[in-house]
Amino acid sequence: MIRGFIFLFLAFVAVLILYPIVYIVLGSFKENSELLRGGANPMPTHFVIENYIQAWKQANFAAYTQNSIFISLGVMVITLVVCSMAGYVFDRKKFRGKEFLYGLFIAFMFVNVGSVALRPLFELSVALHLNTSLFTVVLISAGMSQATNIFLVRGYMASVPKEIDEAAKIDGCSFFGIYWRIALPLLKPVLATIGLLSFRQGWNEYILPLVFTISNDSMRPLTVGVTMLKNAGDGAAAWNIMFAGSTISIVPILIVYLFASKYFMKGMTSGAVKG
């Protein structure tokens, strides 16, 4: 009885999560007039492949995809370097104020300033002459979720016996050498999880690159460029073309997830439970 109730509840949650995606994918094959009329039937009356052709032609998908890949890879690399080093230091290094500093990191896991910080961040980037590069978007985006990632890495490092460090010290290995030769290989599962999440974060970033690329169309990532497709119609909003562009933009992140999914659950559970 209980197991059946849990199954029904999970099925209901799955439908809530998947329905918007299915609606967009099916809507990308509809005529715009059919979408504007609405209706409860998500299936198109007939499939219109021309939506994808128009979306690809009217949006600079090649340039936007390169920008999205640059942001996503940049966020992922910076996040992996920073959180792996910080998590290792917080678990293995003894220094004054460590627990207080770590407590601040944990506290900021539950604080999200959101768009409130956009204006001061933009003004700071202008003052430093960094507002003309996507690297600023990468730096800001990478710094937004470090507390959670450091928490996961420290929790995973806590499960690694410290006797391994002692044996490495006897062999003449330095503190950084232990991190590079021993800690990093052992952290692969949790780092794969963090890498996937940070890549997704960079790929889905919208408000931040929208603000920083508002005067430079060539710097737009896919998430910003796809929304501009809504204005591709003659007079009316071209939701069918925007849906087609959104569907195309989903494909790369799905491919990345398929390659990294085997590490995802292992890294999440190990880092969270043992932390």
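Cys-173 is buried, its relative accessible area being 19%; buried here means under 20% relative accessible area, exposed means over 50%, and partly exposed lies in between (1.4 Å probe, protein chains only). Cys-83 also counts as buried, at 0% relative accessibility. A disulfide is a covalent bond between the sulfur atoms of two cysteines. With the criterion of a pair of cysteine sulfur atoms within 2.5 Å, the count comes to zero disulfides.

The model is predicted, so local features need pLDDT of at least 70 and side-chain atom pairs count only at pLDDT 80 or more, while totals for chains, interfaces and linings use all residues. Residues are numbered from 1 along each chain as its sequence is written, and side-chain values use heavy atoms, with hydrogens and water left out.

## Salt bridges

The count of salt bridges comes to five, where a salt bridge is a side-chain nitrogen of Lys or Arg within 4 Å of a carboxyl oxygen of Asp or Glu. One of them joins Glu-99 and Arg-154, with the closest N and O atoms 3.2 Å apart. Because Glu-99 lies in helix α5 (residues 98–107) and Arg-154 in helix α8 (residues 146–157), this pair ties together parts that are 55 residues apart in sequence. Helices are DSSP runs (H or I, at least four residues), numbered from the N terminus. Glu-99 is partly exposed at 49% relative accessible area, whereas Arg-154 is buried at 15%.

Another salt bridge links Arg-119 to Glu-123, the closest N and O atoms being 3.1 Å apart. These two residues stand four residues apart in helix α6 (residues 118–127), which means that about one helical turn separates them. Arg-119 is exposed, with a relative accessible area of 62%, and Glu-123 is partly exposed, with 43%. Elsewhere, salt bridges that share partners join Asp-91, Arg-92 and Asp-165 into one network. Within it, the closest N and O atoms of Arg-92 and Asp-91 are 2.4 Å apart, and both of these residues are buried.

## A positive surface patch

Lys-93, Lys-94, Lys-162 and Lys-169 gather in a patch of positive charge on the surface. Patch residues have over 30% relative accessible area and no salt bridge, and like charges are joined within 9 Å. Lys-169 is placed in helix α9 (residues 163–170) and is partly exposed, at 47% relative accessible area.

## Val-190

Val-190 belongs to helix α11 (residues 188–204) and, at 0% relative accessibility, counts as buried. Its C-alpha atom is separated by 19 Å from that of Ile-255, a residue 65 residues apart from Val-190 along the chain.

Note on methods: Patch = residues over 30% accessible without salt bridge, like charges linked within 9 Å, V, L, I, M, F, W, Y side chains within 5 Å. Areas by Shrake-Rupley, 256 points an atom, 1.4 Å probe, with all protein chains shown as cover. Lys, Arg positive; Asp, Glu negative; His and termini not counted. Charge placed at Lys NZ, Arg CZ, Asp CG, Glu CD.
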